[in-house]
Amino acid sequence: MTKDSSSPDRIPVPFNALGPFLLVSFGLAWGIVALFVFLPEKMSALFGELTGQHPLFFLAVYAPAIAAFMVVAWHGGAGGLRHYLTRLLLWRCTPAWYALLVIGIPLLFIGGSAMKGNLFADPIPFPSFGALVVASSFMAIKGPVEEFGWRGLALPLLQRKLAPIWAGLILGVIWGLWHFPAFLLSGTPQNAWSFTPFFVGSVAVSVIVTQLFNASRGSILLPALFHFQLINPLWPDAQPYDTLFFVAAALLVVWLNRKAMFSREWGATEVIPQAAENSLQRTALTGRP
């Protein structure tokens with residue numbers, strides 16, 4: 001008896017692949033940070049102080065992407081990995097989402113900064129346009145890469161079992177906790193922040209991005225752009241007040257999309273696009289594509 005190819009838990013990437021993904025994501029990131037926390041002198045002597053620009057910090061940040069690539073390659077091979085990456089080309093969604101990406105997110109940070117009282121008090125942190133480009137480039141190749149794992153793999157797997165609202169909340173909790181070790185290290189951006197508002201903000205952002213992900217039919221590109229906007233060095237420091245604005249935005253997104261958010265029918269569940277999965281299955285059965 002053959003498995004229905006339209007089933008949301010079809011091969012080649014099954015739901016239980018979530019376990020190895022989380023194991024590698026947490027094991028690699030937390031392992032690197034743990035070595036610097038518990039063996040600071042030895043690790044600093046060998047590799048230098050761990051800062052936000054250190055290669056090992058980048059490796060820790062890339063852990064979810066590395067885990068996702070490993071899982072997809074294991075279950076789908078090189079062909080499956082190529083097709084998985086085609087989700088970077090998914091960009092279509094309603095103009096309202098692009099308005100949020102381009103205008104809404106900056107306004108949320110500006111509102112938080114205004115509440116904090118530093119909107120016009122802090123000097124511009126970049127002495128030149130070139131410095132801004134360099135800082136933005138570093139951010140573009142750091143945090144957004146996480147989305148290959150969180151929204152590229154974990155979210156579609158969770159949505160096979162849960163409505164988007166619950167999948168987004170659970171992933172937000174996982175995502176927030178994954179960042180915790182960075183708050184223990186000096187030299188990282190998170191060291192100057194309070195973890196609790198960051199954690200709450202992570203959950204709120206996860207809910208927003210879940211609906212963006214589904215509205216774009218499983219795009220990896222748009223969540224990555226959203227992630228970049230969250231760490232865009234242009235926006236003012238609004239910690240921890242920006243959390244209030246992101247929570248309000250998440251509640252608004254849920255209300256406006258309540259039918260889709262509370263129904264499993266609206267959740268994107270593909271890791272490897274369906275046409276590619278069917279092709280891989282035929283190859284496995286017949287030896288021909």
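Before you click anything, a word on naming: helices (H or I, at least four residues) and strands (E, at least two) are DSSP runs, numbered from the N terminus. You're looking at a predicted model, where local features need pLDDT of at least 70, side-chain atom pairs count only at pLDDT 80 or more, and totals for chains, interfaces and linings use all residues. Residues are numbered from 1 along each chain as its sequence is written, and side-chain values use heavy atoms, with hydrogens and water left out.

**Whole chain**

Start with a cartoon view. The protein chain has 13 helices and zero strands. Buried residues make up 48% of its 289 residues; here buried means under 20% relative accessible area, exposed over 50%, and partly exposed in between (1.4 Å probe, protein chains only). Now think about contacts, meaning heavy atoms within 4.5 Å. Among those between residues at least 6 apart in sequence, 80% join residues at least 24 apart. Accessible areas come from the Shrake-Rupley method with a 1.4 Å probe, and for residues only the protein chains shown count as cover.

**Helix 1**

Select residues 18-38, which are helix 1. This helix has 21 residues and reaches 29 Å from its first C-alpha to its last, close to the 30 Å expected at 1.5 Å a residue. That expected span is 1.5 Å times one less than the number of residues. Show side chains for Leu-18, Phe-21, Ser-25, Ala-29, Ile-32, Val-33 and Phe-36, which are buried in helix 1. The buried residues of this helix pack against helix 2 (40-47), helix 3 (55-61), helix 4 (63-85), helix 7 and helix 8.

Zoom in on Ser-25, which has a relative accessible area of 0%.

**The core**

Next, go for the largest nonpolar core, which has 65 residues. Such a core is a set of buried Ala, Val, Leu, Ile, Met, Phe, Trp, Tyr and Cys residues joined through side-chain atoms within 4.5 Å. Those with the most contacts inside it are Phe-21, Leu-153, Ile-208, Phe-226 and Phe-246. Pick Phe-226 and ignore its neighbours within four places in sequence: Phe-226 is in contact with Leu-100, Leu-101, Ile-105, Val-205, Ile-208, Val-209 and Leu-212.

Then hop to Gln-229 in helix 10. At 10% relative accessibility, Gln-229 counts as buried. Not counting residues up to four places away in sequence, Gln-229 touches Leu-101, Val-102, Ile-105, Pro-106, Phe-109 and Trp-235.

**Salt bridges**

How many salt bridges does the structure hold? Two, a salt bridge being a side-chain nitrogen of Lys or Arg within 4 Å of a carboxyl oxygen of Asp or Glu.

Select Arg-151 and Glu-147, whose side chains meet in one of them (2.7 Å, N to O). The two are four residues apart in helix 7 (residues 147-158), so they are separated by about one helical turn. Arg-151 is buried at 0% relative accessible area, and Glu-147 is buried too, at 2%.

Now pick Asp-237 and Lys-116, with closest N and O atoms 2.9 Å apart in a salt bridge. This pair links distant parts of the chain, 121 residues apart: Asp-237 sits in the loop between helix 10 (221-230) and helix 11 (242-256), and Lys-116 in helix 5 (residues 95-116). Asp-237 is partly exposed at 38%, as is Lys-116 at 33%.

**Loops and surface**

Stay in the loop between helix 10 and helix 11 for Pro-240. A cis peptide bond joins Gln-239 to Pro-240, with omega about -5°.

Move to Arg-217, in the loop between helix 9 and helix 10. Arg-217 isn't a glycine, yet has a positive phi of about 60°. With a relative accessible area of 74%, Arg-217 is exposed.

Last stop: select Trp-30, Leu-35, Val-37, Phe-38, Leu-39, Phe-180 and Leu-184, which form a nonpolar surface patch with about 650 Å² of accessible area together. Patches are made of residues with over 30% relative accessible area and no salt bridge; like charges are joined within 9 Å, nonpolar side chains (Val, Leu, Ile, Met, Phe, Trp, Tyr) within 5 Å. Phe-180 lies in the loop between helix 8 (164-178) and helix 9 (195-215) and is partly exposed, at 33%.
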